[in-house]
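Hi,

Here is the structure I promised to pass on. Have a look at it first, and then read my notes below.

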Amino acid sequence: MQSESWFYLLSVISIYVILLYLAKYRKQSRNTKKHPPSPPSLPVIGHLHLIKDPLHRMLEDLSCKYGPIFGLKFGYRAILVISSPSAVEECFTKHDISFANRPRLLVGKHLNYNYTTIAAASYGQHWRILRRLSAIEIFSTTRLNMFLSVRREETGSLIKNLCQESRGDFVKVEMQTRLSELSFNIIMRMICGKRYFGVEVENQEEARKLAEMVKEAFELAGASNPGDFLSFLQWIDFGGVEKRMKRVHNTNDAFLQSVIDESRQKSGPGKTKTLVDVMLLLQESEPEYYSDEILKGMILQLLFAGTDTTSATIEWAMSLLLNHPEALKKARDELGLCLAGLIQCFEWERIGEELVDLTESKGLTMPKAKPLEAMCKLDERMTNVLNQL
């Protein structure tokens, strides 16, 4: 009986010592684990109260105060903000697998076909297949060279229209809409071989719907949804965000399905294969994988990647050049096809003495708050060249 008492006593002491050791080890682990600097946070919401537009300016201010790497807490989600180019490079090379997954946000569910597009899919076999398809069939040199004539034709059309308006004297032109339509036409001709803007377009209503569709989808994709960070807000659909996403998805889905169905009807031998044609061939060989939903997701991502991004880039470049006229001459031989054509064929001036407003607006591509307006005049030395367009 006495030996049993000693046994229980020793057992309790041993367990107590083990628990003390574990508690000490965990405390040391917490103390030695490195955490990035972080601003003071509030209970439950974390740093959500710090968010203000434009977001990149807010992050820049915090980076100046807390360094190139700092942490934030948006509700229950931990955020790592990195503004150092060398650190970003290390994340995408040495630690690329650790940073490969995407957060499961509401926009990925409703606008990205339940997280199946390349922008929303988790890292794995599905994502690798989409990445390989994009690299070979969309962004490869061979594929881009196949549509070089499309880019030249659409750029020529833009320049020709500007030429007709600006012969003789300076006229005021608004460039944001023109550049957006240029990007839409190039991308859609690559996708399905069809123009949506310009004098040769039959269905102007369809073009208007396409532009509104992409604009609204971009706004939702770039919007901060509080329900993504405070889960209890999803129960009440705070701000009606989910309802709006479902409505936009239904509109997008109907349009994308019509693009696929039209391509099915027009496919034939001798025709330059568009992106949809290529995907339809893949669908014939692997129908269980390349469903219409996967195809629509690929088209949607290409629209997102090409239209707003391209037009916003050119608009920003032109705005900066107009603010520094001495750079216009230097830029003639160093810029892309569209921007080089605009610089070489026309004379450009600001509307007044004031610099072009470079204030940013909300959105994934950081669009200008005020669309670019400038004074444009045809360079008479280019008349013979433009007559050949």
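E347 stands opposite K377 in strand β5. This is a predicted model, by the way.

Two of the partners to look up are V171, which is bridged to C376 of β5, and E174, whose partner in β5 is E373.

Put together, the strands form an open sheet of three in the order β3-β5-β4, with antiparallel pairing. β3 and β4 are the edge strands with a single partner strand each, so one side of each has no neighbour in the sheet. On average, neighbouring strands are turned by 45 degrees against each other, direction ignored. Helix α14 (residues 337-345) packs on this sheet, where it touches β4 and β5, and its direction makes about 90 degrees with that of β4.

Then there is a helix pair to look at. The axes of α7 (residues 148-166) and α8 (residues 175-192) come within 9 Å and cross at roughly 155 degrees. Angles over 145 degrees count as roughly antiparallel, which is why α7 is described that way relative to α8. Their crossing is right-handed. Residues in the contact include V150, L158 and L162 of α7 and L179, L182 and I186 of α8. By class, the contact has seven nonpolar, two polar and six charged residues.

Cheers

Definitions and conventions: Residues are numbered from 1 along each chain as its sequence is written. This is a predicted model: local features need pLDDT of at least 70, side-chain atom pairs count only at pLDDT 80 or more; totals for chains, interfaces and linings use all residues. Side-chain values use heavy atoms; hydrogens and water are left out. Axes are lines fitted to C-alpha atoms, for helices over the stretch in contact, and angles run from 0 to 180 degrees between N-to-C directions. Helices (H or I, at least four residues) and strands (E, at least two) are DSSP runs, numbered from the N terminus. Angles under 35 degrees count as roughly parallel, over 145 as roughly antiparallel, 65 to 115 as roughly perpendicular and the rest as oblique. A crossing is left-handed if the near helix is turned anticlockwise from the far one by less than a right angle, and right-handed if clockwise. Contact means heavy atoms within 4.5 Å. Ala, Val, Leu, Ile, Met, Phe, Trp, Tyr, Cys and Pro count as nonpolar, Asp, Glu, Lys and Arg as charged, and the others, Gly among them, as polar. Two strands pair if DSSP finds at least two bridges between them.
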